[in-house]
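Dear colleague,

I am handing over the structure below, and I would be glad if you opened it beside this message while you read. My notes on what was found in it follow.

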Amino acid sequence: MRRFGRAVVCAFGLVVIAAQAPAQTYPSKPVRIIVPYAPGGLTDVVARLYSEQLRQSFGRGVFVENKPGASGIIAIEEMARARPDGHTLMKIDYEQDVQIVTPLADVPVFFLATTTNFSPTTFADFLAYAREHPGKVRYGSAGVGSYQQINTEILAKRAGLDLVHIPFKGGGAEILRDLANGDIHVSWFNITNPVGMMKAGRVRALAIAAEQRLSQHANVPTLTEVGFPGVRAAQWVAAFAPSAVPADIIKTLRQAFVAAMSAPEMEAAFARGGMLVPRRTALENAKGWLRAEMASWKRDVEDTGIVVEE
């Protein structure tokens, strides 16, 4: 299985484990959703929101199982051992040996700056400061090929900035801690994680990667508004299954997920978390959407010269 590094941000794949069953009797036993990250993160939150809706739809148990570690390898191995019958689901970011079920959520992200010994209060201030202090501004990411690194390097290239990359093995919580402490100066974060730190005044949002300003953060300008259209750092979550899962089961799963998106409690949860329902065109043509998304991230990686793990 070839890995497209971490460049494909959050891909949430569903790998379903149970006895073989035709679509008309699917699911024939509880559905298991494997999450290759610790509880509490974005993908875990989305998985648990959907699991409750699927539980009601299927009339059977739908369980979320966290399998963090080894950059997702532990979860991938668990998925590989599963029978391809649509009863095991997982979040992944791989190109081969899996098939997409449907996109599940789009998640705008903030470009955040620390308020600890860092003077910029606007995006323009940040650009000016970074240009005046080449090689001094540190940005954090989840590692080589992460969306934080790719989008920061694209931004740096377009703006003529010399920034220092600080990769973190511990992921978002560790990055946010060091950002608040001033050990790093800027980073990207999905809008569900840093709100508490923002309210406390320890970090500030300089811009947001979204098509338009969000009502709950109306004072934060979009990247287009600050002069950088086309820099897309938004995360997405999607459901995947092994490539051998039959098409009729994939269809059943897809219909269940799409129906779940319209549930009032899901709409309320998405609104509270600042998440967006995927565009209708993506839902109707999931394979085409994924091909375009993968191709776009690949171009970004090549454009920045980042060497992503294989």
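Predicted model: local features only at pLDDT ≥ 70, side-chain atom pairs only at ≥ 80, totals over all residues.

Confidence is highest in helix H3 (residues 123-132), at a mean of 97, whereas it is lowest in strand E3 (residues 88-90), at 51. Please also take care with residues 1-22, where the pLDDT is below 50, although this stretch has 129 contacts in the model beyond near neighbours in sequence.

**Aromatic pairs**

The structure holds nine aromatic pairs. One of them joins Phe-111 and Phe-126, whose ring centres are 5.2 Å apart and whose planes lie at 65°, which is over 60 degrees, so the pair counts as edge-to-face. Phe-111 belongs to strand E5 (residues 109-114) and Phe-126 to helix H3, 15 residues apart, and the pair thus links distant parts of the chain. Phe-111 has a relative accessible area of 0% and is therefore buried, and Phe-126, at 0% relative accessibility, counts as buried too. Ring pairs also link Phe-111 and Phe-126 with Phe-123, Trp-188 and Phe-228 into a cluster.

On the H1 side the contact includes Tyr-50, Leu-54 and Phe-58, which meet a set of H7 residues, among them Leu-253, Phe-257 and Met-261. The residues of this contact divide into eight nonpolar, three polar and no charged.

With best wishes

Terms used: Residues numbered from 1 in each chain as written. Heavy atoms only, no water. Contact = heavy atoms within 4.5 Å. Helix = DSSP H or I, 4+ residues; strand = E, 2+ residues; numbered from the N terminus. Nonpolar A, V, L, I, M, F, W, Y, C, P; charged D, E, K, R; others polar. pLDDT = per-residue confidence, 0-100. Phe/Tyr/Trp six-rings, centres within 6.5 Å; stacked < 30°, edge-to-face > 60°. Buried < 20%, exposed > 50% of the residue type's maximum accessible area, 1.4 Å probe, protein only.
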